[in-house]
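Subject: Structure for your review

Dear colleague,

My notes on what was found follow directly after them.

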Amino acid sequence: MTVLNETSNFVEPAPSALLLLGQGRDLASERGVECTGALPAPSDPDLVDRARAARAALGERAFVLGHHYQRDEVIDFADVTGDSFKLAQRAAARPEAEFVLFCGVHFMAESADILTADSQQVVLPDMAAGCSMADMAEISQVEEAWDVLADAGVAGDTVPVTYMNSSAAIKAFTGRHGGTVCTSSNAQVALRWAFDQVGGVDGTGKVLFMPDQHLGRNTAVNQLGLSLDDCVVFDPRKPNGGLTDAELRDARMILWRGHCSVHGRFSVQNVEAIRATAPDVNVMVHPECRHEVVAAADRVGSTEYIIKALDAAEPGSTWAIGTELNLVRRLAKAHPDKQVHYLDSTVCFCSTMNRIDLPHLVWAMESLAEGRVVNRIVVDADDAHWARVALDQMLALPGI
């Protein structure tokens, strides 16, 4: 069943396959879990009033960051919205703010702690707000993988590149080994720089790309001209990553076996279905989608790219967007003059992102207003140093 949103022409996907952690199985999904249900209803007016009062009490002492994937009732209280790195940068540009409340997930709050001043305290309203992709690369696994590369004789010709969606420990590993961080917007530039450190794209050097295999593969093949045969997937759950020494030596892109639980849901069947329904549709997806989905789409780009593309689109044009549903709903509401569809036919919120709800935000703000700092995110000093090295290398990339 679909539901027409009263505020726009957006058709709500069916709620029968809302993905939450740890409940049931769906073998057709990369994530492998499924449950029935829906998100909680919007919070009652009393809670909204409490949020307003707590925010007013904190005043300039607090700076509230809202990631694009947050639900509307949280975004309503954000001082600025954006993607993860943009938000961390905005926090660093507000040194007068004593508290930074990051309405996002854990790795984002870590980045904010790394980039902000020591005098600032970063708070994550719900410590359970993690990231399934970031959790797919644990530091012990990555260190073991590097030993595998060393044993195969290729570590010296390999540069690590980690996606922003990774823990501070993984960013620090990358910094210690001469690599860089990237975002979905600058992955091409970051990969080209990494290859240049070991002989160039046309050479024999390698990149270890973590933790999202799809962003790494899509960037290497679609933007740098490498082939799918140049890419291998390192599975940390298998001996030697599931690869032979010869496969590691022949590879150019060593992709970590990780993915986004939301973007991994989209399929070529979704693209074919929307084209059958709306032949003039523009299909636009995030590069965290699988390679075959990216190949079937009309446009591919980061969250900021998707937002700007909708802003610039012709009135009356039709779009199907493959990214997180909260953002797609917000874009549809902001563009009532365009037909905006969600690419999947069933609901797929980022369940970990949605752990940040208004009750948690109110609790965090009221606690700070009462003088109690809760859920502070503090990155180990050594990890923070080396993660900052990797982040600074990203900021020094040409064109960034």
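Phe234 is buried, and Trp256 is buried as well; buried means under 20% relative accessible area, exposed over 50%, and partly exposed in between (1.4 Å probe, protein chains only). Please note that this is a predicted model, in which local features need pLDDT of at least 70 and side-chain atom pairs count only at pLDDT 80 or more, while totals for chains, interfaces and linings use all residues. Residues are numbered from 1 along each chain as its sequence is written, and side-chain values use heavy atoms, with hydrogens and water left out.

Aromatic pairs

A search of the whole structure finds three aromatic pairs. Rings of Phe, Tyr and Trp (its six-membered ring) pair if their centres lie within 6.5 Å; planes under 30 degrees apart count as stacked, over 60 as edge-to-face and the rest as tilted. Trp146 and Phe173 form an edge-to-face pair, with 5.7 Å from centre to centre and 80° between the planes. This pair links distant parts of the chain, since Trp146 belongs to helix H5 (residues 139–151) and Phe173 to helix H6 (residues 168–176), 27 residues apart. Helices (H or I, at least four residues) and strands (E, at least two) are DSSP runs, numbered from the N terminus. Trp146 is buried at a relative accessible area of 12%, and Phe173 is buried at 2%. Phe234 and Trp256 form a stacked pair, again described by its centre-to-centre distance of 5.7 Å and an angle of 15° between the planes. Here Phe234 lies in strand S10 (residues 231–234) and Trp256 in strand S11 (residues 253–256), 22 residues apart.

Nonpolar cores

A nonpolar core is a set of buried Ala, Val, Leu, Ile, Met, Phe, Trp, Tyr and Cys residues joined through side-chain atoms within 4.5 Å. The largest has 112 residues, of which Leu101, Phe209, Met253, Val283 and Ile321 touch the most other members. Apart from it lies another core, of 20 residues, among them Val142, Phe173, Leu243 and Trp256.

Enclosed helices

Which helix has nine of its 10 residues buried? It is H8 (residues 213–222), which is therefore largely enclosed by the rest of the structure. Its buried residues pack against strand S7 (158–163), helix H7 (187–196), strand S9 (206–210), S10, S11 and helix H11 (291–296), where contact means heavy atoms within 4.5 Å. Eight of the nine residues of H6 are buried, so H6 is also largely enclosed by the rest of the structure. The cover over the buried residues of H6 includes helix H4 (106–115), H5, S7, strand S8 (180–182), S9 and helix H15 (381–395).

Salt bridges

The count comes to 15 salt bridges, each being a side-chain nitrogen of Lys or Arg within 4 Å of a carboxyl oxygen of Asp or Glu. Glu366 forms one with Arg50, the closest N and O atoms being 2.8 Å apart. Glu366 is in helix H14 (residues 358–369) and Arg50 in helix H1 (residues 45–58), 316 residues apart. Asp235 and Arg237 also meet in a salt bridge, at 3.3 Å from N to O; Asp235 is buried, with a relative accessible area of 6%, whereas Arg237 counts as exposed at 61%. Finally, Glu60, Arg94 and Glu96 are linked in a network of salt bridges.

Yours sincerely
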